[in-house]
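Q: Could you walk me through how to read burial, helix packing and a chain contact in a model like this one?

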Amino acid sequence: MKFGLSYEISVPKPWTREGARQVFEDCLEQVRVADEVGFETVWAVEHHFFEEVAHSSAPEIFLTACAMQTKDIRIGTGITICVPQFNNPIRVAERCATMDLLSGGRLEWGSGRSGTWYELGGFSANPDETKKTWDEYVRMIPKMWTQETFSWQGRCFSMPERPIVPKPYQVPHPPLWVAVTSPGTELDAAERGMGGLGLSWGGLKQHAEKIERYKKRIATCEPVGDFVTNKFFTVNYMFCHADNDYAVRMGEKLADHVQYGTAQSVSTREVFISQAYPDYSAALTGFNPAAPSPTRAFIPEGLTVGDPDHLIEAMKLWEATGADGVNFIINSHNVVPQQEVLDSLRLFAREVMPKFDPDAKARQERELAAQR
Amino acid sequence: MIVYGTRDVQLDAIGAPIVDLEDQEPLEIKDGEILQVISELTFKGFDGRVPPALHPSHPPFATMLFYHAPDSSFGPFTMALVRVSSLAGISRFGYPIRGWINNSVAREVFGRRWGYRLDAADVSLHRRYDRVWGTVRVDGAVVLDVGLYDPEPVSGADANHAGHLNVGLVEDNGSMVPTLVQAGPQLAFRKCDRGRPHVTTFDGEAIGCDAPYWPVSSFAGHCDFLFGPVAFVCDPTVPAVDRGMTLMGSLHVVEHPQHA
C-alpha cells in the first residue's frame with residue numbers, strides 16, 4: 001500500500017492575514033516532512049467558498065509550491081473540477097503540463113465534477129451537465145498533452161486546431177484519476193482506465209465491494225489516456241501518537257470538524273432534483289458506529305487514529321479491502337498543533353508505513369544516508 | 001470553528017402548539033399533492049434564524065412547501081409551510097418560519113401531534129400542464145405565491161424532501177418546555193415533475209423573513225403522505241455535540257423521545 005496526504009487547507013476563524021498565511025506555511029512544512037519520511041503523494045482538493053473548511057481553491061498553485069520544496073513526493077490534483085464554468089479545458093492542460101515540468105514529472109492528474117450546490121450554484125453550473133462535461137474533459141486532456149496540435153468539436157467544448165503548450169514532462173502524460181464519491185463512479189473510473197480516488201468513507205465492506213467492482217471492470221477497459229492507471233485509493237483521517245487515548249481524542253476532534261464542515265455545505269442532491277446526483281449521504285458519513293474497532297468500542301472501524309499498534313491494525317483492515325493506498329487528512333481547523341502533526345507523520349512513517357510499503361523504507365534509508 | 005444557531009427559541013415558543021407525545025396516531029393521506037420550491041436566502045437574511053441546537057447551512061435557503069389532501073379524516077385541506085435550512089449535527093432539517101392551513105380541525109391535530117404551528121388562511125394549490133403553483137391569502141392579500149414552470153417528469157426518488165423540526169411546547173415535570181419536535185411526512189410518489197422555480201410573491205413582513213432571492217429548484221407531484229409518530233425531540237438550546245453525540249456519528253441520531 002502507498003500513503004499520501006490529502007489537503008483541503010482549513011483556515012479557522014477569526015481570520016487574520018498572518019493566520020491564513022501561517023496555515024499555508026504549515027501545510028508546506030508538513031509536505032516537506034512527508035517527502036522526507038516517505039509519503040508517496042500530496043493531493044490538494046479544488047473547493048470554492050468553503051470558508052474555514054477548505055481554502056484550497058487554487059490547488060495547482062499550492063501543489064507547485066509543494067513541488068518546489070520537495071524532491072520525491074508526487075503532487076496530485078485531487079481533484080480538478082471538469083466543468084466549463086470552473087475551468088476551461090485548455091487552461092487545465094496548460095497548467096497541469098507546467099506543474100509536471102516544474103516538478104520534474106511528479107504530477108498525478110485527478111479529475112471530478114463537484115458535489116455541492118454551494119459550488120455549482122456559485123459558478124452558475126448546471127448539475128445535470130457535470131457528468132457529461134467531466135467525461136468530455138477526460139477524453140480531451142490526454143490528447144491535448146500528447147498531440148502536436150489539437151482540435152475538438154464536442155458537446156460542452158469546441159476549438160479549432162491549435163498547438164497546446166507546454167507538453168508534460170512525463171511521457172506519454174501524467175497518470176489519470178477520478179474522484180469516486182457517487183455510487184457507480186468506480187465503474188466510470190474503471191471503464192476509462194483511470195485510477196479511483198475514494199473521497200468518501202462508507203465503511204470497509206462498502207469499500208471492498210466498490211474496489212472489487214473497479215478491479216473487475218478495469219480489466220476490460222477502454223482507456224481514455226495512453227495507458228491504464230489501475231489503482232484505487234481511499235481517504236482517512238490520521239493522527240498517530242504514542243499515547244493511544246490522546247490520539248483517539250485528537251483524532252475524533254479532527255474527524256468531527258471535517259465531517260461537520262463538509263456537511264454544512266449544501267449538497268447538490270439536497271436542493272437540486274437530478275439523476276446526475278444520486279443519494280450518497282450514507283457514503284459520506286460512513287464510518288459505521290455500529291461496527292466499532294475490535295479493540296476500541298467507541299472508535300469506528302477503520303478510523304486511523306491511535307498509537308502505532310492500533311494504526312497497523314486499522315491499516316490491515318483497509319489493506320484487506322483491496323485498496324492500493326490511503327490518503328490521509330491530517331489536520332483541520334488547526335485542531336492538531338503543528339508540531340504534533342509533524343510528529344504524527346514521523347511516527348506513522350517510522351512505525352506503520354514500513355509494514356505496508358516496502359518502497360517507503362527504502363526511501364527513508366536513502367534520505368537518512370543523504371542527511372549523513 | 002463549528003457554527004451554531006443563535007436564535008432565542010422563546011421567540012418561537014410564543015403561541016407554539018402544545019404537543020401531546022402520547023397522541024401519535026399516524027395520519028395517512030391518499031392521492032395527495034405536493035409542491036416544493038427552494039430558493040436561496042442571503043447570509044444576512046438568514047442570521048439568527050435557527051436556535052443553538054441547529055447549525056446553519058451554506059448557502060442558507062428557504063423551502064416553500066404545499067401539501068394538499070383531497071380528503072382526510074378531517075376532510076380536505078391544503079397546508080403551506082415556509083422553512084429555512086438547518087442541520088442537527090450533520091442531519092438536515094427545515095426549521096419553521098411560518099405555516100398556514102385552510103382546515104381548522106386539521107390545524108389543531110397537526111399542532112397537537114407534530115408541533116406544526118399553522119395559521120388559518122386561504123391556501124390553494126393549482127396544477128396546469130405548463131405550470132404548478134401554490135398561493136396563500138391572508139385576509140384577501142396574497143402573502144405567498146410560488147411554483148414551477150414547464151414541468152418535466154422525474155423519479156419521485158430524486159425529489160429531496162427534508163424533515164421538519166417544529167417548535168412545540170412539551171410537558172416536562174409539570175412545565176411546558178419549548179422543544180424541537182421532528183416531524184414530516186413520508187412520501188410515496190405516483191408522479192413527480194421538476195420545473196423552473198419561481199417565487200412571485202413572498203411578503204417578507206407578513207411571513208417574518210427576508211424574501212429568498214435566488215430560486216434553485218422545484219418539484220410537484222402526486223403522492224400518498226404518511227405522517228408517522230414523532231421520531232425524536234430535543235432541547236433547542238443544546239447543540240447536538242453537547243448532548244453527548246460526536247458530529248461524526250450524528251447522522252445516526254435517533255434520540256429517544258424525552259417522554260417515551
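Q: What should I know before I start?

A: This is a predicted model, where local features need pLDDT of at least 70 and side-chain atom pairs count only at pLDDT 80 or more, while totals for chains, interfaces and linings use all residues. Residues are numbered from 1 along each chain as its sequence is written, and chains are lettered from A and ligands numbered from 1 in the order in which they are written.

Q: Is F328(A) buried or exposed?

A: A residue is buried if 20 or more other C-beta atoms, placed from the backbone, lie within 10 Å of its own, exposed if 12 or fewer, and partly exposed in between. F328(A) has 22 such atoms within 10 Å, so F328(A) is buried. You will find F328(A) in strand 11 (residues 325-329) of chain A; strands (E, at least two residues) and helices (H or I, at least four) are DSSP runs, numbered from the N terminus.

Q: Which residues does F328(A) touch?

A: Contact means that two C-beta atoms, placed from the backbone, lie within 7 Å. Not counting residues up to four places away in sequence, F328(A) touches F3(A), L5(A), S6(A), N236(A), Y237(A) and M238(A). From F328(A) to S6(A) is 322 residues in sequence, yet 5.5 Å in space, C-alpha to C-alpha.

Q: Which residues of helix 2 of chain A are buried?

A: In helix 2 (residues 59-68) of chain A, the buried residues are P59(A), E60(A), F62(A), L63(A), C66(A) and A67(A). They lie on the same side of helix 2 of chain A, because they cover an arc of only 160° around the axis; the arc is that of the directions from the helix axis to the C-beta atoms. Their cover includes helix 1 (17-37), strand 2 (41-44), strand 3 (74-81) and helix 3 (89-102) of chain A.

Q: How do helix 2 and helix 3 of chain A meet?

A: On the helix 2 side are E60(A), L63(A), T64(A) and A67(A), and on the helix 3 side R95(A), M99(A) and L102(A). By class, this contact has four nonpolar, one polar and two charged residues. Ala, Val, Leu, Ile, Met, Phe, Trp, Tyr, Cys and Pro count as nonpolar, Asp, Glu, Lys and Arg as charged, and the others, Gly among them, as polar.

Q: What does chain A bring to its contact with chain B?

A: The contact takes 26 residues from chain A and 26 residues from chain B. Helix 8 of chain A gives the most to the chain A side, with seven residues. That side divides into twelve nonpolar, eight polar and six charged residues.
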